[in-house]
Amino acid sequence: MSVRLKLTEIFLSIQGEADAVGWPTVFVRLTGCPLRCQYCDTAYAFHGGEWFTLEQVLERVASYGARHVCVTGGEPLAQKACIPLLTALCDAGYRVSIETSGAIDVSPVDPRVTRVVDMKTPDSGEEARNRTDNLALLRADEQVKFVICSRGDFEWARDFVRREALPDRCTVLFSPSYQQVEGRDLAQWIIDERLPVRFQVQLHKYLWGDTPGR
Ligand SMILES: C[S@@+](CC[C@H](N)C(=O)[O-])C[C@H]1O[C@@H](n2cnc3c(N)ncnc32)[C@H](O)[C@@H]1O
Ligand SMILES: Nc1nc2[nH]cc(C(=O)O)c2c(=O)[nH]1
Ligand code: SF4
Ligand SMILES: [Mg+2]
């Protein structure tokens, strides 16, 4: 039987997060997620969706004429067919990244893909789901992201980063939870602590607000 994926949306936008920020990027959003982070901006991807064959996804992606593809969700790795999708996108010549919650083993992902792993903080409500063994798998160009919801989350993430010497192993991103922490506060905390992590905001929310399909 052919490979099929359940998708919430495919759209062309500007990458708003992580290392490829700013590049025109096709987003492939897979339906479904086993987590329920309190801040999730994509709860509309928990249910519903439409089935696509792998060939149909590749055709839709190609129709946008972009070089970058970001596979996200929901939790993309919760669908087994995500693995062959990633490989097919690499074979087609795209620069491919995946946004994943860190709750699922990232080792089967094609090595040509850049993995962006979100470590869930205490105030996400999903800390217990973190698979910290994922971190040892990351290459220097790959990324761990902490979405910071409070000063307490910042201190937790700061201690985690130092204890694990994360900045020696990969890129570490700290991002304010949208409308829960002020970007300028998080930026100042990072400066004050001389923490060797990279501050980021969700660029797309500055451009378009909290709009689905952007
Ligand atoms: C919607 S998730 C999908 C991928 C995967 N489930 C995950 O959590 O990484 C994509 C990214 O958006 C981030 N995100 C979701 N809601 C957010 C918010 N309110 N503020 C900041 N980042 C948010 C997530 O932490 C994650 O890094
Ligand atoms: N523009 C834009 N950039 C993004 N980068 C990661 C996203 C995601 O939802 O995973 C995202 C998104 O939803 N929109
Ligand atoms: S893991 Fe990602 S998609 Fe799932 S609830 Fe958390 S932020 Fe939303
Ligand atoms: Mg998003």
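This note sets out numbered points on the predicted model shown above.

1. Conventions. Because the model is predicted, local features are held to a pLDDT of at least 70 and side-chain atom pairs count only at pLDDT 80 or more, whereas totals for chains, interfaces and linings use all residues. Residues are numbered from 1 along each chain as its sequence is written, and chains are lettered from A and ligands numbered from 1 in the order in which they are written.

2. Overall fold. The protein contains five helices and nine strands, where helices (H or I, at least four residues) and strands (E, at least two) are DSSP runs numbered from the N terminus. Along the sequence these elements follow the pattern β-β-β-α-β-α-β-β-β-α-β-α-β-α. The radius of gyration is 17 Å, close to the 17 Å that the globule rule gives for 214 residues, so the protein is as compact as a globular protein of that length; the radius is taken over C-alpha atoms, and the rule is 2.2 Å times the number of residues to the power 0.38.

3. Extent and packing. Taken along the principal axes, the C-alpha atoms fill a box of roughly 50 × 35 × 30 Å. Of the 214 residues, 38% count as buried, a residue being buried if 20 or more other C-beta atoms lie within 10 Å of its own, exposed if 12 or fewer, and partly exposed in between, with C-beta atoms placed from the backbone. Among contacts with a separation of 6 or more, 70% come from residues 24 or more positions apart; two residues are in contact if their C-beta atoms, placed from the backbone, lie within 7 Å.

4. Helix H2. In H2 (residues 82–91), Cys82, Leu85, Leu86 and Leu89 are buried. They cover an arc of only 100° around the axis, which puts them on the same side of H2; the arc is that of the directions from the helix axis to the C-beta atoms. An α-helix has 3.6 residues a turn, so residues three or four places apart point the same way. The cover over the buried residues of H2 includes strand E1 (4–14), strand E2 (24–30), helix H1 (54–63), strand E4 (68–72) and E5. Just after H2, Gly93 takes a positive phi of about 95°.

5. Ligand 1. This ligand is surrounded by 18 residues, of which the closest are Tyr39, Asp41, Thr42, Asp118 and Tyr178; a residue is near a molecule if its C-beta atom, placed from the backbone, lies within 6 Å of it. Strand E5 (95–100) and strand E7 (143–148) are the elements that give two or more residues to this shell. By class, the shell around ligand 1 divides into five nonpolar, eight polar and five charged residues, with Ala, Val, Leu, Ile, Met, Phe, Trp, Tyr, Cys and Pro counted as nonpolar, Asp, Glu, Lys and Arg as charged, and the others, Gly among them, as polar.

6. Ligand 3. The residues around ligand 3 are Cys33, Leu35, Arg36, Cys37, Cys40, Thr42, Gly73, Gly74, Glu75 and Ser101, and this shell holds four nonpolar, four polar and two charged residues.

7. Annotated sites. An unreviewed UniProt entry places the feature "domain: Radical SAM core" at residues 20–210, and for "binding site" UniProt lists Ile14, Gln15, Gly16, Arg29 and Thr72; such annotations may be inferred rather than shown by experiment. Gln15 lies in the loop between E1 and E2 and counts as buried, with 21 C-beta neighbours inside 10 Å. Beyond four places in sequence, Gly16 is in contact with Val21, Gln202, Leu203 and His204.
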